[in-house]
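Reader: I would like to know what stands behind the words used for this model. Please give the value and the cut-off each time.

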Amino acid sequence: MMEQEKDKNIQEELQAMGSSLGSLKQGTPFQVPTDYFQSLPDDLMRRIRAEASLWPTEAPQAAATSRAFLLLNWLQHWKYQLGILGVLAAATIYYFLLPGAVATAATDELAQLEAAEIKQYVSNNIDEFSMELLLEAAIVESEDVHSFDVLEGLDENTLDQLMDDLLEDIDLNDLNEIF
Amino acid sequence: MGTILAAIKDEEILSLLLQKGATAFERGFRLLIEKYQERLYWHIRRLVLDHEDANDVVQNCFIKAYRGIEGFEGKSSLYTWLYRIATNEALTFLNKQKKRNAEALDSGNGFDLTADPYFDGDDLQLKLQQALQQLPEKQRLVFNMRYFDEMPYGDISAVLDTSVGALKASYHHAAKKIEAFIRESGAY
């Protein structure tokens with residue numbers, strides 16, 4: 001307390017030092033633009049919201065607890081809104097207006113896979129494939145496919161019935177063995 | 001407004017900042033800015049001199065505070081912590097400015113206050129500022145904090161991590177050098 005009381009009187013301290021600077025002490029010669037301190041908090045909060053959106057992982061815990069807040073701030077940033085719109089537009093063109101490009105790229109990649117690799121993949125992920133798809137693949141690959149000629153005389157309904165019967169009879173383990 | 005803000009305790013601000021939820025955090029951080037913006041701005045302004053530079057530095061200071069508030073352990077007061085950030089930011093700015101001036105072979109010794117529209121001092125005040133620019137960085141800091149901000153030596157010690165005795169010596173040397181500079185310039 002004694003120290004604080006002494007601290008309060010800067011002029012006395014300077015006089016004690018033998019300095020005449022104490023007599024100079026008056027108001028600040030510096031000025032700020034009108035309403036600077038009224039607008040600074042708003043400017044800063046805007047910057048902080050932008051900071052929160054740019055570095056969400058670095059945001060303080062209290063701010064990071066509200067991901068919705070960060071996302072909202074992020075979405076309020078016009079640059080990111082434009083970016084999102086741009087990405088969505090490009091994706092739309094790519095998938096809907098140029099479907100052939102996507103299909104061709106995927107087909108080309110699949111064509112480069114070895115049969116053994118495909119079998120291995122299907123075997124490892126058999127639960128992800130529908131029974132119909134597996135059966136179709138088995139029939140296409142089977143050597144018995146050549147005997148399809150014998151089915152030529154059957155109409156579409158009869159063939160469908162035969163396929164359904166096969167699906168009912170076939171066991172998942174059998175399909176595993178096929179692959 | 002200033003009185004109301006000054007009455008808000010740091011504990012209340014910290015309590016808001018540590019609450020979960022963006023609304024409380026925003027309210028807390030805004031209070032922190034409103035309470036300390038002027039003191040920090042003037043501290044920075046007296047070091048960097050130009051308003052635009054001071055504005056940039058004070059904003060960076062609060063951004064740093066925002067990023068670091070999670071790590072604030074309360075070992076020092078909020079004001080001391082903010083003051084330390086402000087001081088570091090201002091010194092970093094000045095060092096960069098010095099480097100830029102050196103690269104540009106600028107022989108000028110800092111900012112020209114006479115051309116500053118936001119400087120309204122008389123001749124004696126101008127001389128005082130010019131004298132301050134001649135001081136070593138540490139002495140200038142100590143003089144500003146003691147003479148203008150009227151900070152207790154204990155607080156200056158916490159900000160600058162220097163003993164009170166060393167601070168008093170720095171302040172004494174700075175005051176003598178300033179007085180000599182002003183006397184030589186004939187402004188007294």
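Reader: What is Ala24(B) in contact with, leaving aside its neighbours within four places in sequence?

Author: Ala24(B) touches Leu16(B) and Gln19(B), where contact means heavy atoms within 4.5 Å. This is a predicted model, in which local features need pLDDT of at least 70, side-chain atom pairs count only at pLDDT 80 or more, and totals for chains, interfaces and linings use all residues. Residues are numbered from 1 along each chain as its sequence is written, chains are lettered from A and ligands numbered from 1 in the order in which they are written, and side-chain values use heavy atoms, with hydrogens and water left out.

Reader: Why does Ala24(B) count as buried?

Author: Its relative accessibility is 13%. Buried means under 20% relative accessible area, exposed over 50%, and partly exposed in between, with a 1.4 Å probe and protein chains only. Ala24(B) therefore counts as buried. In chain B, buried residues make up 51% of the 188 residues.

Reader: Where is Ala24(B) found?

Author: Ala24(B) lies in helix 3 (residues 22-48) of chain B. Helices (H or I, at least four residues) and strands (E, at least two) are DSSP runs, numbered from the N terminus. Chain B has nine helices and zero strands. The C-alpha atoms of Ala24(B) and Ile13(B), eleven residues apart along the chain, are separated by 9.5 Å.

Reader: What makes helix 7 of chain B oblique to helix 8 of chain B?

Author: The axes of helix 7 (residues 137-148) of chain B and helix 8 (residues 153-160) of chain B cross at roughly 140° and come within 10 Å. Angles under 35 degrees count as roughly parallel, over 145 as roughly antiparallel, 65 to 115 as roughly perpendicular and the rest as oblique. The angle of this pair therefore makes helix 7 of chain B oblique to helix 8 of chain B. Residues making the contact include Leu141(B) and Met145(B) of helix 7 of chain B, and Tyr153(B) and Ile156(B) of helix 8 of chain B.

Reader: What pLDDT does chain A average?

Author: Chain A averages a pLDDT of 66, and 40% of the residues score at least 70. pLDDT is the predictor's confidence in each residue, from 0 to 100. Over residues 62-74 of chain A the pLDDT is below 50, yet the model gives this stretch 22 contacts beyond near neighbours in sequence. For residues 55-59 of chain A, pLDDT stays under 50, with six contacts beyond four places in sequence. Where pLDDT is low, the predicted coordinates should not be read in detail.

Terms used. Axes are lines fitted to C-alpha atoms, for helices over the stretch in contact, and angles run from 0 to 180 degrees between N-to-C directions.
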